[in-house]
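Trainee: Could you walk me through how to read packing features in a model? I'd like to start with a helix and then move on to the rings.

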Amino acid sequence: MCMKEDAMKNRTLKPGYNLQIATQNQFVLAYDLYPNPSDTRTLIPFLNSNDLFHEFNCIVADAGYGSEENYQHIIDDMEKIPLIPYTMYRKEQSKKYKNDPKLRHNWHYFEDLDCYVDDQGVQFSFSHYNQRKHKTGFEREFKVYKADKVQLTPELDKLVLTPSGNQRVISVNQVWDYYKSKAKEYLESDSGCQLYAQRKIEVEPVFGQMKRNFGVRRVH
């Protein structure tokens with residue numbers, strides 16, 4: 001795995017394992033080791049490895065664990081509350097993101113026609129469904145929208161194609177959008193905001209104790 005301990009900061013690959021811990025009041029309640037470096041893919045097997053997690057109403061973690069598969073498992077399968085931001089959560093709160101007309105989230109959507117209209121007036125109509133399979137076997141379903149070849153004006157017809165001459169296409173994952181809205185709802189609630197703010201003083205000191213005082217910098 002890429003390690004952060006190199007003096008030259010070149011992230012040299014070295015043998016190691018991904019240590020996952022669950023804490024409460026700075027006590028380690030559970031831990032496990034994984035061979036993959038991605039935190040996202042460790043959450044579900046870690047939650048399934050110990051019945052202890054069913055005793056808690058909320059699962060709190062940082063943005064490295066926010067994914068459609070993880071949200072679905074916590075909300076639907078475990079019936080718990082995920083206080084886990086997704087990667088773009090902080091950026092989406094910015095004024096620049098909310099006012100960027102080129103982002104699909106800021107386009108007009110017409111539910112009766114099932115189509116989007118971008119900031120320039122180009123209409124994208126639903127074309128077909130597309131599925132993508134993750135390494136874990138989890139399948140994500142997307143709705144593919146294509147820019148209509150015939151627009152309202154000749155000027156808009158010229159905006160249908162990309163600079164390379166291909167028809168403009170967007171993919172929309174409505175399930176992912178739903179789980180992100182649920183995550184935002186939980187995180188922005190009064191209780192959720194307080195619990196997530198506590199994460200830094202909950203788990204980070206435990207890792208600090210292990211790394212600095214116990215010298216556990218890498219698991220072989």
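Predicted model: local features only at pLDDT ≥ 70, side-chain atom pairs only at ≥ 80, totals over all residues.

Trainee: Which residues of α6 are buried?

Mentor: Buried here means under 20% relative accessible area. In α6 that gives Trp-176, Tyr-179, Lys-180, Lys-182, Ala-183, Tyr-186 and Leu-187. They cover an arc of only 160° around the axis, so they sit on the same side of α6.

Trainee: What do the buried residues of α6 pack against?

Mentor: Look for heavy atoms within 4.5 Å. The partners are α2 (68-77), β4 (81-83), α3 (89-92), β8 and α7 (190-197).

Trainee: And what happens at the start of α6?

Mentor: Check for a side chain reaching a backbone nitrogen there. A side-chain oxygen of Asn-173 comes to within 3.2 Å of the backbone nitrogen of Val-175.

Trainee: Lys-180 is on that buried list. Where does its charged end sit?

Mentor: For a charge and a ring, ask how far the charged end is from the ring centre and whether it lies over the face. The charged end of Lys-180 sits over the ring of Tyr-86, 5.4 Å from its centre. Elsewhere, Arg-132 lies over the face of Phe-142, at 3.9 Å from the ring centre.

Trainee: Now rings against rings. How many aromatic pairs does a search of the whole structure find?

Mentor: Ten. For each, read the centre distance and the angle between planes. Take Tyr-109 and Tyr-116: their centres are 4.7 Å apart with 45° between the planes, which makes the pair tilted.

Trainee: How are the rings of Phe-126 and Tyr-145 arranged?

Mentor: Planes over 60 degrees apart count as edge-to-face. Phe-126 and Tyr-145 show 70° between the planes and 5.8 Å centre to centre, so they're edge-to-face. Phe-126 lies in strand β7 (residues 123-133) and Tyr-145 in strand β8 (residues 139-147), so this pair ties together parts that are 19 residues apart in sequence. Phe-126 is partly exposed at 31% relative accessibility, while Tyr-145 is buried at 0%.

Methods
Residues numbered from 1 in each chain as written. Heavy atoms only, no water. Phe/Tyr/Trp six-rings, centres within 6.5 Å; stacked < 30°, edge-to-face > 60°. Helix = DSSP H or I, 4+ residues; strand = E, 2+ residues; numbered from the N terminus. Buried < 20%, exposed > 50% of the residue type's maximum accessible area, 1.4 Å probe, protein only. Lys NZ or Arg CZ within 6 Å of the ring centre and 35° of its normal. Arc of directions from axis to C-beta. Polar contact = N/O pair within 3.5 Å; in protein donor to acceptor, adjacent residues only side chain to side chain.
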